[in-house]
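Dear colleague,

I am handing over the structure we spoke about, and it is placed just below. After it you will find my notes on what turned up when I went through it.

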Amino acid sequence: FQSSHQSKECMIGSFSFVANDRAKREAALLIKSIRQFYDCPIYAFCDDETKVYLEGLGFEGLKCKVGLSEEELKKSVEKVAHIQRHNDFHSAPIILKKMDCIEWALSQSGDTLFVDADIVFVKPIDQDIDREMEVMLSPHFHCEDQVKQNLQYGSINAGYLWTRSPDLPEA
């Protein structure tokens, strides 16, 4: 997993993501794509199997924390019981754990770019981060009927989120 590109000093304090066993291979590609361009810490909230898998690949600067164990997810289930499911893919308890991952990365690095585990970077992105902002969010680009989709699911994509605000995860 050595990169052929020259890594540059990261203008982002860290990257962070959550991944369970279902997304562990995608997470490995995410990490490899980050390492093409950046040397900063990467924080992964995951289950035991994913932690073993990712750590076994020997990525530099990867920090894994088991935050998606069955026990941890059971705690989240109660907090999101009121959330209506719209599909079988998205898991509200795992989505809630994104905030714990962001909180951890912020406490260690001061800022983080949280991304979904299925993202692959093909070029550097730090030039788009405005460090004077506290939070930067990505719009949610729906393929069909954007107004209806935005009303039902929201207009912000929680799969790309940069922050330096320690208050964001709790808010």
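To begin with a contact between a charge and a ring, K24 lies over the face of Y53, at a distance of 5.1 Å from the ring centre. Please keep in mind throughout that this is a predicted model.

Turning to the rings themselves, a search of the whole structure gives five aromatic pairs. One of these is formed by F45 and W104, whose ring centres lie 6.0 Å apart with 50° between the planes, a geometry that is classed as tilted. Elsewhere, F15, F37, Y38 and F121 come together in one aromatic cluster.

How many disulfides does the structure contain? By the distance rule the count is zero. C64 takes part in no disulfide, and the nearest cysteine sulfur, which belongs to C46, is 4.4 Å away; a disulfide would require the two sulfur atoms to be within 2.5 Å. C64 is buried, because its relative accessible area of 13% falls under the 20% limit. C101 is in no disulfide either, and for this residue too the nearest cysteine sulfur is that of C46, here at 9.0 Å. With a relative accessible area of 0%, C101 is also buried.

Finally, I looked at the second largest pocket, which has a volume of about 350 Å³. Its lining is made up of 15 residues, of which L113, I125, D128, I129 and Y160 are the closest to the centre of the pocket. Strands β5 (135-139) and β6 (156-163) each contribute at least two residues to that lining. Sorted by class, the lining residues comprise 12 nonpolar, one polar and two charged, and D128, one of the residues closest to the centre, belongs to the charged class.

Conventions:
Residues numbered from 1 in each chain as written. Predicted model: local features only at pLDDT ≥ 70, side-chain atom pairs only at ≥ 80, totals over all residues. Heavy atoms only, no water. 1 Å grid on protein atoms, 1.4 Å probe; cavity = no way out; pocket = protein on both sides within 12 Å on 5 of 7 lines; lining within 4 Å. Points joined across faces, edges and corners; volume = space filled by probe spheres on them. Helix = DSSP H or I, 4+ residues; strand = E, 2+ residues; numbered from the N terminus. Phe/Tyr/Trp six-rings, centres within 6.5 Å; stacked < 30°, edge-to-face > 60°. Lys NZ or Arg CZ within 6 Å of the ring centre and 35° of its normal. Buried < 20%, exposed > 50% of the residue type's maximum accessible area, 1.4 Å probe, protein only.
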